[in-house]
Amino acid sequence: MPYDTLIPLIPLLPILGFAFTSLFGRRLQLRYGRWASELVPVGVVIAAWVVAMIVVVPALQHQAPFGDSGLDVKAWTWIPAGGLQVDMGFHVDALTACLLIVVTTIGMLVHVYSIGYMAHDRATWRFFAYLNLFMVSMLVLVLANNWLLVFAGWELVGLSSYSLIGFWYERRSAALAAKKAFIVNRVGDVGFALGIMAIFLNTGTLNIQDSLAKLVSQGASNTIPLTVVALLVFCGAMGKSAQFPLHVWLPDAMEGPTPVSALIHAATMVNAGVYLVARANPLFASAQDAMIVVAAIGIFTAFMAASIAFTQTDIKRVLAFSTLSQLGYMFAALGVGAFSAAIFHLMSHGFFKGLLFLDSGSVIHAVHDEQDMNRMGGLWRKIPITHGTMLIATIAISGIPPLAGFFSKDEILGEAFKNGFAWVWAIGVLVAIMTAFYMWRLMGKTFYGESHVDPSVAPKVHESAWQMTLPLVLLAIPSVFLGMAVGLPLGNGLLVQWLAPVFKGAEEILARPAAAETLLGLPTDTVLITISVVAAVAGLVVGIGLFGPRRVRQETIDRISSANGVMRFAYRLSLNKWWFDELNDLLFIRIGGRVAAFLWWFDRTIVDGTVNGVGTVVRDAGTGLRQIQTGRVQNYALGIAIGLILMAGSLLLIVGQPR
Amino acid sequence: MNASDITAMSPFVAAILVAAGVILVDLAWPGRRTAALLVTFAGLAIVAALTVAVGQAGTTAFNGSYRVDSLTTFLDLLFISISALTAAFAPDYLGERKLPVAEFNAVLLFAMSGAMLIAGSADLIVLFLGLELMVLPGYLLAGFHKTDGFSTEGAIKYFLLGSFSSAIFLFGIAFVFGMTGSTRIDAVSSNLAQVVAGTAPFSPALGLGLAFLMTGVAFKIAAVPFHYWTPDAYQGSPTPVTGYLSVGPKVGAFAVIIRLFAGALLPMAAQWNIMIMVLAALTMTLGNLVALTQDNVKRMLAYSSIAHTGYMLVGFAAFAAGQIQGLEGLLYYGAAYAFMNLGAFAVIAALQRRTGVSSNLATFAGLVKREPALAWLMTLFLLSLTGIPPTAGFFGKFYVILAAVQAGQTNQWMNVLAVLTVLNAAAAAFYYLRVVVYMFMRDPDAEVSVAAHGRLVWTGLTVTTVMTIVLGFFPGLLLDMVSTAAKAIG
C-alpha cells in the first residue's frame with residue numbers, strides 16, 4: 001500500500017472540502033438547495049474516514065512499514081532556512097492511529113447527524129465549511145511530526161472552535177462564549193508556544209521524535225530544566241483540555257450548536273491536551289515533579305467538575321461538566337504514568353460522550369430547543385431510540401461492566417493505586433460514585449417522572465430523523481463493545497499491546513517496581529475492580545432512588561436543596577460552579593480592570609504623549625519632506641546633487657587609505 | 001564573433017527580434033491587438049525556452065564581455081515573467097483609453113531585452129548599455145498616455161532626472177576604468193583586490209568612483225534620498241505601467257547592483273557596505289513613513305515600493321557583510337515582490353478600466369460587495385506585501401531578516417538593521433490593511449457600476465495569485481533556484 005500518499009490524503013480531503021464549500025457552498029445552497037452544499041463536505045469526511053481506516057489497521061498492529069516506531073511521511077520541506085528545517089511531515093504510529101479512529105469516526109458521524117440537526121438553519125453551508133476546517137485542524141494536530149505543525153493545528157483548532165461556538169453570532173451569549181473560549185485558550189497557548197521554544201533551545205530541532213529523544217538523553221544538561229519544559233507544554237494542554245483553572249470556557253462553549261459540542265467539546269478538540277502529554281511521554285517521565293502536578297490538577301478537576309454537575313439544570317452543561325470531570329481522569333492517568341489507560345479512556349470517552357451529546361441534541365430537538373431539564377421529563381416513550389442509546393451511554397460512563405467506560409476507568413484507578421498514588425485512587429473512586437449519580441439525575445429529569453414539557457410543545461414531541469438517529473445507534477456500538485474488544489484481559493488488553501512501543505520510553509524511565517500481588521489477602525486486581533464496581537453501582541442506586549424511573553422522590557430532593565449548614569454551602573458551591581466565574585470576574589475584570597485602567601491612563605498620557613510628540617515631529621518632518629517634493633525638476637536635481645556630494649564626501653572619508 | 005557567441009546571447013537577440021516582430025505585425029495589420037498579443041506571448045515563450053536551454057550551458061561570449069550563468073538565467077526568467085504579466089494586464093486598460101497595444105508591447109519588450117543584457121553583462125560598458133536600454137523605454141511607457149497631462153509631466157521628470165543619474169553613473173564607470181585600467185568585471189575585481197591588499201597604488205578617485213556609481217544605482221532603485229522622481233512618475237503613469245515601473249526597472253537595477261557591487265567592486269565591500277546600510281535604513285523608514293499618510297492607493301503603493309527597496313537593500317547589505325544568504329534573500333524577495341506587487345497593481349488597473357475612476361481609497365469602499373473576487377485577491381496581495389504567512393511576501397522578509405541577523409554575528413550594525421526592518425514591516429501593516437478595511441467594512445459613497453474584465457487579466461491574476469500562495473507554502477521550490485543563482489556570484 002502506498003502509505004506515503006494515503007497519509008497526507010487524510011487531512012487533504014477535508015481541506016479540499018473546506019475550500020470548495022466556502023467558495024461555492026452559498027451558491028449551491030441558493031440554487032439547488034441544502035443537500036447540494038452538504039454533499040461535498042460530508043463526502044470528503046466519509047472518504048477521509050475510509051482512508052484513515054486503511055492506515056489505522058496496519059499501524060495499530062505494527063506491521064511494515066509502520067513497525068514499532070511508526071512511519072514518517074514527509075510531504076515537502078515547509079521552511080528551509082539554514083539550520084532550521086521544518087517539514088510538512090506526518091508521523092503515524094499506534095498513538096496517532098488511536099486518535100485517528102476517534103477523530104475521523106466521530107467526525108464522520110457528527111457530519112451526518114448535522115444534516116438533520118441543522119435542517120432548520122439558514123446558512124448550513126457555512127456550518128459545514130467550519131466543520132471541515134475543524135477536521136483539517138484536528139487531523140493536522142494529531143498527524144504532525146514536528147512541534148511547529150502541531151502548533152499550527154493547535155491554533156487552527158482554536159480558530160475553528162471559535163467560529164463554531166459563535167456560529168449563531170446574532171445571539172450575544174454565543175458571541176461572548178466564543179470570545180471567552182478563544183481568550184482562555186490563548187492563555188494556555190502562550191505556555192505551549194514557550195514550551196516549543198524551550199524544546200527548540202534545548203535540542204535545536206522541532207521534530208517531535210528527535211527532540212524528545214534528545215531531551216531525555218541530555219537529562220540535567222538541558223539549558224532549560226525539563227520540569228519547566230514539561231509544565232509549559234502542560235499549560236497548553238490545560239487550555240485545550242479545559243483543566244482547572246483554565247476550565248471556565250468549556251461550559252460556556254455549549255452555546256454552539258449541539259453537534260459542535262459533541263465533536264469538538266467532548267470527543268476531539270478537548271482530547272488534544274491529553275494527546276499532547278501522551279505524545280511527550282518521555283519528557284514528562286523525565287520530569288517527575290511535573291507528573292505530580294498533572295495528576296493533582298487532573299484529579300482535582302475531576303472532583304470539582306463532578307460536584308458542579310450535581311446541580312446544573314441545563315442538559316448540555318451537565319454533560320460539559322461531566323466532560324471536564326472525565327478529562328480530569330485522563331490527566332490523572334497521565335500523571336500517575338498510566339499512559340495507555342489515559343488513551344483508552346480518551347477513546348471510550350470519545351465515543352460515549354459524543355453519543356451523550358448527540359442524544360442531548362436529539363432531546364433538545366424533540367422539545368423544540370429547550371435545554372432546561374426542569375422543563376423535560378417523561379420523554380422516554382416518545383423518543384425511544386434517543387432514550388435507549390442515552391441509557392447505554394449513561395451506563396457506560398458510570399463504569400458498569402461490561403460497557404466501555406468500566407474498562408478504561410478501572411484501568412486508570414487500578415494503575416493509580418498500583419503505582420503508589422493511593423490519594424488519586426481514593427478521589428477517583430469518589431468521583432466514580434458522583435459520576436454515576438449525576439448521570440442518573442440527568443436521565444431521570446429528562447426521560448422519567450412527570451412531563452414538565454411546555455404544553456404547547458408536548459404533543460409535537462417526536463423522534464428525530466434518520467440522519468440523527470443513525471449516528472446514535474452507530475455510536476452506541478463502540479460504547480458497549482469497545483472495552484470488551486480491546487480491554488481484555490484486564491491490564492494487558494489489545495490496546496495496551498498496541499500502544500506499548502509508543503510508551504516504552506516513559507516506562508523505561510519510570511521503571512516502577514511491580515505492585516504487591518495481594519491486598520487484604522485477595523488478589524489486588526480483584527479487590528480494586530470490586531471496589532470500583534461497587535462505587536459505580538452505589539452512585540447509580542442512589543440516583544435511581546431519587547430520580548426514578550419508578551418514582552421521583554421530589555421531597556427528598558427539595559429537602560437537600562433547601563437544607564442549612566454544611567449541606568447548604570455544598571449545594572451553593574456546586575450550583576455556583578465554585579464561584580470560578582465570579583473569581584475571574586473579581587481578578588481580571590475588577591482588579592485587572594483597575595490595573596488596565598491605570599495602564600490606559602499611563603498609555604494615554606505618558607506613552608501617547610510621547611508618541612504624539614514624535615508624531616507631531618514626524619508630521620512636521622513630513623511637511624518638511626513634502627516641501628522637498630515640490631514637483632520642480634530643478635529642486636529634485638539639486639537634491640540628487642546634494643546627495644551625491646554627501647555620498648562622495650563620506651566615501652572619501654571611509655575609503656581614505658584602505659590599508 | 002562566432003557561433004557560440006550568438007548561442008550564448010540568443011535569448012537577448014530573440015527578445016529584440018520579438019519586439020521588432022510586434023512592430024512589424026502592427027504595420028501589416030494596424031490596430032489588430034489580437035495579432036500583436038499573440039506574437040508577444042508566443043515570442044516570450046520562445047525567449048523563455050531559449051533562456052532555459054542556454055542557461056544550462058554556462059558560457060561567456062564576445063571575448064568575455066557577456067556571461068551566461070545561473071544568475072543570468074534566474075534574472076532573465078524573472079524579467080520575462082514580469083513582462084508577460086504586464087502585457088497581460090495592460091490591454092484592458094489601454095484599449096479603454098484608445099492607446100495602442102502593439103506599441104506598448106514592443107516598447108515593453110525592448111525594456112525587457114535591456115534588463116536581460118544587464119543580467120548577462122560581464123563588462124561595465126555592456127552593463128551601462130543594458131541599463132540604458134532598460135530605462136529609455138521606461139520613459140516612453142511612463143508618458144504613454146500622451147493626451148494626459150500628468151502622464152507627460154511624470155515622464156518628462158523621470159526622463160530628465162534619469163538622464164542626470166545615468167550621466168553620474170557613467171562618470172563612476174569612467175573613474176573606475178581610470179583607476180583599474182579595465183572595464184571587464186573580473187579584471188576590475190582582481191585589480192581592486194590588489195589595491196585593498198596594498199600591492200597596487202590607491203587613489204582617492206576610487207572613492208569618487210564608488211560614490212558616483214552608488215548614486216547612479218540608488219536613483220534607479222529609488223533609494224532615499226534619490227527617490228524624488230518616483231511618486232510623480234508612478235502617479236502620472238497609466239496604472240499598468242506603474243505596476244511595471246515599480247517592479248521591472250527595480251529588479252533590473254538590483255541586477256546592476258549585483259553585477260557591479262557583488263561582482264566588480266566586491267573587494268571593497270567593507271568600504272561601501274556602510275553606505276548600503278545607511279541607504280537601506282533611510283529608504284525603508286522614509287518610504288513607510290510617507291506611505292502612512294497617503295490616501296491614494298497608487299501613490300501609497302509607490303511609496304511602499306520605496307520601502308520594499310529598503311528591505312531588499314538589507315539583504316544586499318547582509319551579503320556584503322559576508323552572508324551568501326543575503327543574496328538569496330534579495331533574489332527571493334525580488335521574485336516574491338514582483339508577483340504580489342504586479343497583482344496589486346493589476347487589481348487597481350482593473351478597477352480603473354473605466355476612465356475617470358480615481359485610485360483613491362474611496363474607490364475601494366465596499367469592493368467586496370461589488371467585485372468579491374477582486375477584493376479577495378487584493379487582500380491576498382496586500383497581506384503578502386505586509387509579510388503575513390503563508391504568503392510569498394512572508395518568506396521574502398523572513399530570508400532577508402534571517403540573513404541580516406546572521407550577518408549581525410560579525411557586524412553589530414546589521415542587528416540594528418534587522419530590528420529596523422522588523423519595525424518597518426510592522427508599521428507597513430497599517431497602511432496595507434487600511435485598504436482591506438475599506439474593501440470589507442466601508443460602504444461606497446455612491447453607487448458604482450461594475451466593469452467586466454478581460455480573460456487576459458484573469459489569467460494574469462491567476463498566475464500572480466498562484467505564485468503568491470505557492471511561494472508561501474513551498475518556498476523550497478524557488479529557494480533552490482535562488483541559491484544556485486547566488487552561487488554564481490559567491
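This is a predicted model: local features need pLDDT of at least 70, side-chain atom pairs count only at pLDDT 80 or more; totals for chains, interfaces and linings use all residues.
What percentage of the 490 residues in chain B do buried residues make up? The figure is 63%.

**Stop 1: chain B as a whole**

Chain B has 19 helices and two strands. Its radius of gyration is 21 Å, close to the 23 Å that the globule rule gives for 490 residues, so chain B is as compact as a globular protein of that length. Along the principal axes, the C-alpha atoms of chain B fill a box of roughly 75 × 55 × 40 Å. Of the contacts in chain B with a separation of 6 or more, 81% are accounted for by residues 24 or more positions apart.

**Stop 2: Gln352(B)**

Next, select Gln352(B), which lies in the loop between helix H13 (324–351) and helix H14 (367–370) of chain B. Is Gln352(B) buried or exposed? Gln352(B) has a relative accessible area of 7%, which is under 20%, and therefore counts as buried. Show its side chain: this reaches the backbone oxygen of Val357(B) at 3.0 Å. Then display the surroundings. Neighbours within four places in sequence being left aside, Gln352(B) is in contact with Tyr93(B), Arg97(B), Thr239(B), Lys298(B), Val357(B), Ser358(B) and Ser359(B).

**Stop 3: Phe474(B)**

Move on to Phe474(B), placed in the loop between helix H18 (455–473) and helix H19 (475–487) of chain B. Phe474(B) counts as partly exposed, at 28% relative accessibility.

**Stop 4: a salt bridge in chain B**

Side chains of opposite charge can pair when their charged atoms come close. Select Asp123(B) and Arg184(B), whose side chains meet in a salt bridge with an N to O distance of 2.3 Å. The pair links distant parts of the chain, 61 residues apart. Asp123(B) is in the loop between helix H4 (101–119) and helix H5 (124–142) of chain B, and Arg184(B) is in the loop between helix H6 (149–180) and helix H7 (185–197) of chain B. Asp123(B) is buried, with a relative accessible area of 4%, whereas Arg184(B) is partly exposed, at 25%.

**Stop 5: the interface of chain A and chain B**

Now display both chains. The contact takes 29 residues from chain A and 44 residues from chain B. The area buried between the two chains is about 3,200 Å², and carbon and sulfur atoms give 79% of it. How many salt bridges does the rule find across the interface of chain A and chain B? The rule finds zero. The count of residue pairs in polar contact between chain A and chain B, with both residues at pLDDT 80 or more, is one.

To see the side of chain A that touches chain B, select strand E1 (71–81), helix H24 (580–628) and helix H25 (633–655) of chain A, each of which supplies at least two of its residues. The largest share, 14 residues, comes from H25(A). By class, this side of chain A has 20 nonpolar, seven polar and two charged residues.

**Stop 6: Gln312(A)**

Within chain A, select Gln312(A) in the loop between helix H13 (288–309) and helix H14 (315–335). Gln312(A) is buried, with a relative accessible area of 8%. Beyond its neighbours within four places in sequence, Gln312(A) is in contact with several residues, including Arg317(A), Phe321(A), Met373(A), Arg441(A) and Lys577(A).

**Stop 7: salt bridges in chain A**

Over all chains, the count comes to 17 salt bridges. For one of them, select Arg171(A) and Glu255(A), whose side chains meet at 2.9 Å, N to O. Arg171(A) lies in the loop between helix H5 (147–165) and helix H6 (172–203) of chain A, and Glu255(A) lies in the loop between helix H9 (249–252) and helix H10 (258–267) of chain A. The two are 84 residues apart. Arg171(A) counts as partly exposed, at 37% relative accessibility.

Finally, select Asp189(A) and Lys240(A), which meet in a salt bridge at 3.7 Å, N to O. Asp189(A) is in helix H6 of chain A and Lys240(A) in helix H8 (residues 226–240) of chain A, 51 residues apart. Both Asp189(A) and Lys240(A) are buried.

Terms used:
Residues are numbered from 1 along each chain as its sequence is written. Chains are lettered from A and ligands numbered from 1 in the order in which they are written. Side-chain values use heavy atoms; hydrogens and water are left out. Contact means heavy atoms within 4.5 Å. Buried area is the accessible area (1.4 Å probe) that two parts lose on being put together, summed over both. A salt bridge is a side-chain nitrogen of Lys or Arg within 4 Å of a carboxyl oxygen of Asp or Glu. A polar contact is a pair of N or O atoms within 3.5 Å; within protein, one must be able to donate a hydrogen and the other to accept it, and residues adjacent in sequence count only if both atoms are side-chain atoms. Helices (H or I, at least four residues) and strands (E, at least two) are DSSP runs, numbered from the N terminus. Ala, Val, Leu, Ile, Met, Phe, Trp, Tyr, Cys and Pro count as nonpolar, Asp, Glu, Lys and Arg as charged, and the others, Gly among them, as polar. Buried means under 20% relative accessible area, exposed over 50%, partly exposed in between (1.4 Å probe, protein chains only). The radius of gyration is taken over C-alpha atoms; the globule rule is 2.2 Å times the number of residues to the power 0.38.
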